[in-house]
Amino acid sequence: MVIQNREIARYFEQIADYLAIQNANPFRIRAYRNAAEAIERWPVELTKCLKEQGSIPKIPGIGKDLNDKIIKLIKGSGIALLDDLKKKIPSTLLEFLDIAGLGPRRVQALWNKGIKTKEELKIAAKEHKLSELKGFGSDLESKILKSIELGEKYQNRFLLDDAWSFCEEIKKYLLVGMPQVQLLVAGSLRRGKETVGDLDLLAISKNKTNILKRLVEFQKCEKVINYGSKKATIQIQGGMQVDLRLIDSNSSGSALLYFTGSKDHNIALRKIAIQHGFKLSEYGLFKGNVNIASKTEKEIYQSLGMNYIEPELREGRGEVESAIRGDLPQLILQSQIKGDLHVHTVASDGHDSIAQMVVKAKRKGYTYLAITDHSKRTRIAGGLNVDAFKKQYEEIDRLNEIYHPFRILKGVEVDILEDGTLDLPDSFLKDTDLTVCSIHEGFSYSSKKQTQRMIKAMDNRYFNILGHPSGRLIGRREPYDYDFEKILRFALERGIYIELNSQPDRLDINDEQSRMAKSFGVPIVISSDAHSAIELDFIEFGIKQARRGWLEKTDVLNTFSFDQLIRKLNSGR
Ligand code: DGT
Ligand code: CA
Ligand code: CA
Ligand code: ZN
């Protein structure tokens with residue numbers, strides 16, 4: 001079994017969760033959490049290190065004890081402590097920690113009352129038994145119920161980045177010793193959808209292959225759901241399903257088209273095919289028995305009298321009509337992004353220094369980067385006060401000399417307070433290069449009040465970018481109620497930009513909102529909101545959503561050169 005860093009991290013997180021429910025020493029819990037984070041972010045797979053060097057590198061914050069545990073995990077011998085904890089504490093309690101409003105202490109209280117599963121919890125909440133418990137009120141009770149129901153909505157769906165890394169791992173595994181096989185990714189992952197239900201893989205082979213057998217023998221396969229001569233479906237650890245189909249190289253285009261979907265897109269295409277007197281299936285585009293096109297997607301679209309449609313657009317949202325008219329957008333590309341305008345450093349809740357962030361940004365081909373640490377209100381994220389920002393900006397001046405011509409912008413992610421004022425005074429904000437203004441508290445207002453609060457904040461002349469506008473956390477927190485159209489109209493009036501935050505659990509604004517912003521003429525900033533250098537790569541997930549929102553280069557602020565960017569930012573001030 002080849003265990004990856006993120007899986008080792010998950011084991012440590014699990015231990016930390018169990019310990020927390022057990023009310024263990026907070027320092028001990030913290031040690032496991034920190035270790036999990038450090039391992040997850042470690043740039044090289046530890047399994048590989050152990051195999052190649054016979055040892056694993058010294059990771060800051062990981063002592064001998066944890067080091068030994070990592071080695072045990074890699075060697076497949078498990079961790080005795082974890083087995084022990086699992087015996088004592090029902091594993092279903094861990095799921096409670098994902099529910100809004102439930103921390104370890106409350107979970108313990110529920111356990112004491114004999115509530116051990118989500119189902120039991122849901123019933124208790126519905127029967128108003130939770131609100132009677134000490135430390136729970138009726139507000140918390142309805143919050144818990146809402147959160148459980150939200151979880152159900154996303155049950156069996158996975159965040160785009162998780163789906164993507166599972167897919168990479170499986171592809172790599174499948175292709176070992178299979179030079180004759182070509183794998184294609186289809187389904188919602190190819191379309192870049194914000195969550196993915198299952199992976200759809202297609203295999204083309206020059207000769208007979210046992211690739212389906214290889215899939216069902218995957219070490220992380222938990223269950224074989226279906227295993228035939230043309231198709232296999234398995235469920236892997238963590239619950240994700242993988243479909244693998246053998247397809248013929250002569251019909252690889254039509255198969256890829258069909259299994260990429262979406263269903264709505266396929267339906268729209270079939271209609272056009274029928275209008276032409278054709279029939280479209282996974283085997284090809286046919287006129288009677290004559291194969292018109294099947295080898296590539298491009299040929300099929302062409303034969304249907306339309307332009308090629310990028311996978312991200314294939315949602316049945318008017319793309320087919322647009323492809324026929326020939327006015328599809330030129331979708332934005334990663335290579336057109338010139339810089340990132342929302343990142344954190346060690347100064348607040350990030351993990352890397354400004355210099356480390358800059359080095360990674362340069363490696364990505366960027367020419368500028370805005371440092372936007374939290375303002376003081378966000379205390380849990382180590383928010384900075386004016387003096388701390390001033391000091392940071394002196395450092396940025398120094399670094400700008402070193403990294404010239406690369407440009408580091410003096411930014412801030414400033415909290416929008418409950419009353420619609422910003423968390424830092426104008427006398428300070430005027431000296432920033434840009435502000436990302438975000439809501440981190442006060443999610444439960446009515447739409448009217450929330451919108452008013454946002455508009456009041458946007459009325460500040462130093463307000464540049466509205467950060468993660470809807471506040472959602474996919475599968476964990478619904479967007480707050482607000483009037484997005486009103487926000488867009490006001491943003492247009494004031495020269496304010498709307499963020500598309502690329503954190504995989506945010507993707508905020510989403511694809512449809514991006515398209516709406518574009519239709520209002522409000523430019524978007526695609527940001528990583530990176531909390532470490534490696535997270536700058538999250539931008540790719542944001543770009544996927546932007547493409548799904550039909551955005552082009554000119555719709556996105558951070559495709560402009562540094563000089564143009566500064567001019568645009570200042571013109572609104
Ligand atoms: P997901 O997995 O829920 O995130 O979404 P998709 O779009 O990947 O859906 P999935 O895996 O059920 O099917 C993959 C594609 O196969 C889908 O987008 C369209 C195509 N397809 C067309 N007709 C059918 C059908 O009758 N059954 C299935 N399973 N797929 C179909
Ligand atoms: Ca799928
Ligand atoms: Ca599927
Ligand atoms: Zn942020």
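**Close-ups of the metal sites and a helix pair**

Asp198 comes out as partly exposed, with 23% relative accessibility (buried is under 20% relative accessible area, exposed over 50%, partly exposed in between, using a 1.4 Å probe and protein chains only). This is a predicted model, so local features need pLDDT of at least 70 and side-chain atom pairs count only at pLDDT 80 or more, while totals for chains, interfaces and linings use all residues. Residues are numbered from 1 along each chain as its sequence is written, chains are lettered from A and ligands numbered from 1 in the order in which they are written, and side-chain values use heavy atoms, with hydrogens and water left out.

**View 1. Asp198 coordinates two calcium ions, ligand 2 and ligand 3.** The two ions sit 3.8 Å apart. Asp243 is buried at 8% relative accessibility.

**View 2. The calcium ion (ligand 2) has an irregular site.** Its protein donors are Asp198 through both O and OD, and Asp200 through OD, lying 2.2 to 2.6 Å away. The angles among its six donor atoms run from 70 to 166° (four donors are tetrahedral if all angles lie between 85 and 135 degrees; four are square planar and six octahedral if opposite donors are over 155 degrees apart and all others between 65 and 115; anything else is irregular). Asp200 is buried, with 13% relative accessibility.

**View 3. Two histidines, a glutamate and an aspartate hold the zinc ion (ligand 4).** The sequence spacing here is H-x1-H-x68-E-x115-D. His342 in strand 11 (residues 339-343) and Glu413 in strand 13 (residues 407-415) link distant parts of the chain, 71 residues apart. His342 is buried at 0% relative accessible area, and Glu413 is buried as well, with 0% relative accessibility.

**View 4. Helix 2 (residues 26-41) packs against helix 4 (residues 64-75).** The axes are 12 Å apart and meet at about 55° (lines fitted to C-alpha atoms over the stretch in contact, with angles from 0 to 180 degrees between N-to-C directions). That makes helix 2 oblique to helix 4 (under 35 degrees is roughly parallel, over 145 roughly antiparallel, 65 to 115 roughly perpendicular, the rest oblique). Ala31, Tyr32, Ala35 and Ile39 of helix 2 touch Asp65, Leu66, Lys69 and Ile70 of helix 4 (contact means heavy atoms within 4.5 Å).

Technical notes:
Donors are N, O and S atoms within 2.8 Å of the metal (3.2 Å for Na, K and Ca); water is not among the atoms, so sites may look incomplete. Helices (H or I, at least four residues) and strands (E, at least two) are DSSP runs, numbered from the N terminus.
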